[in-house]
Amino acid sequence: MTTNEDRAKEHLLDWLRDAHAMEEQAETMLKGMAGRLEHYPVLRQRIEQHIVETQGQARQVASCLERIGGSNSALKDTGGKMMAAAQNFSGMFASDEVVKGALFSYAFEHMEIASYRSLVAAARLVGDQATADICAGILAEEEAMAKWLEEHMDQLTAEFLQRSRQGEPAKR
């Protein structure tokens, strides 16, 4: 017989699998974006820093899954990577890819923030403090990236428009 506690743990495992796939998607998306930012070194540097954070986050989520008896979902991971690859491909054709990429990244960070807040709460409710602590640490990194994007959006937009007005390569 399945207890309420068992169902709650299954939800936590499923949400951790989703988080792992989300990190795989983020890594693919960020790598594609970073590779096309030759005229925006500050943004490229911050994205490259977040790629390293994202790789660590995926490893941490995988360790939570393993510790509590689960594993990541290859199907979800592949789906996330495919979605990111499609977004990267479509972005290559947008004349304002830098701004749209930053906007999408900002929105994606907030989805990650919401996901990790739920994971922290779920882990605490099932009595898994180790997972709650790991997810809280990841949450702080996602909040820091979202804050950085928010603080730099005006500057990035202005730089893009200035380059565009001057006839310089603005896209990358």
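Colleague: How much of the protein is buried?
Modeller: Buried residues are 44% of the 172 residues in the protein. Keep in mind that this is a predicted model.

Colleague: What secondary structure does the protein have, helices or strands?
Modeller: The protein has five helices and zero strands. From the N terminus on, the order of elements is α-α-α-α-α.

Colleague: Which residues have the most contacts inside the largest nonpolar core?
Modeller: Those are Leu-16, Leu-43, Ile-47 and Tyr-116, in a core of 40 residues. At least two core residues come from each of α1 (4–34), α2 (41–67), α4 (97–125) and α5 (129–165).

Colleague: And which helix gives the largest share of this core?
Modeller: That is α5, with 11 residues.

Colleague: Back to Leu-16. What is Leu-16 in contact with, leaving aside neighbours within four places in sequence?
Modeller: Leu-16 is in contact with Val-61, Cys-64, Leu-65 and Ile-68, and also with Leu-119, Thr-131 and Cys-135.

Colleague: What about contacts across the protein, how many link residues 24 or more positions apart?
Modeller: Counting contacts with a separation of 6 or more, 82% are between residues 24 or more positions apart.

Colleague: New topic. Why does the span of α4 agree with its 29 residues?
Modeller: At 1.5 Å a residue, α4 should span 42 Å, and its end C-alpha atoms are 41 Å apart, so the two agree.

Colleague: What follows α4?
Modeller: Gly-127 follows α4, and the phi of Gly-127 is positive, near 80°.

How values were computed: Residues are numbered from 1 along each chain as its sequence is written. This is a predicted model: local features need pLDDT of at least 70, side-chain atom pairs count only at pLDDT 80 or more; totals for chains, interfaces and linings use all residues. Side-chain values use heavy atoms; hydrogens and water are left out. A nonpolar core is a set of buried Ala, Val, Leu, Ile, Met, Phe, Trp, Tyr and Cys residues joined through side-chain atoms within 4.5 Å. Buried means under 20% relative accessible area, exposed over 50%, partly exposed in between (1.4 Å probe, protein chains only). Helices (H or I, at least four residues) and strands (E, at least two) are DSSP runs, numbered from the N terminus. Contact means heavy atoms within 4.5 Å. The expected span of a helix is 1.5 Å times one less than its number of residues.
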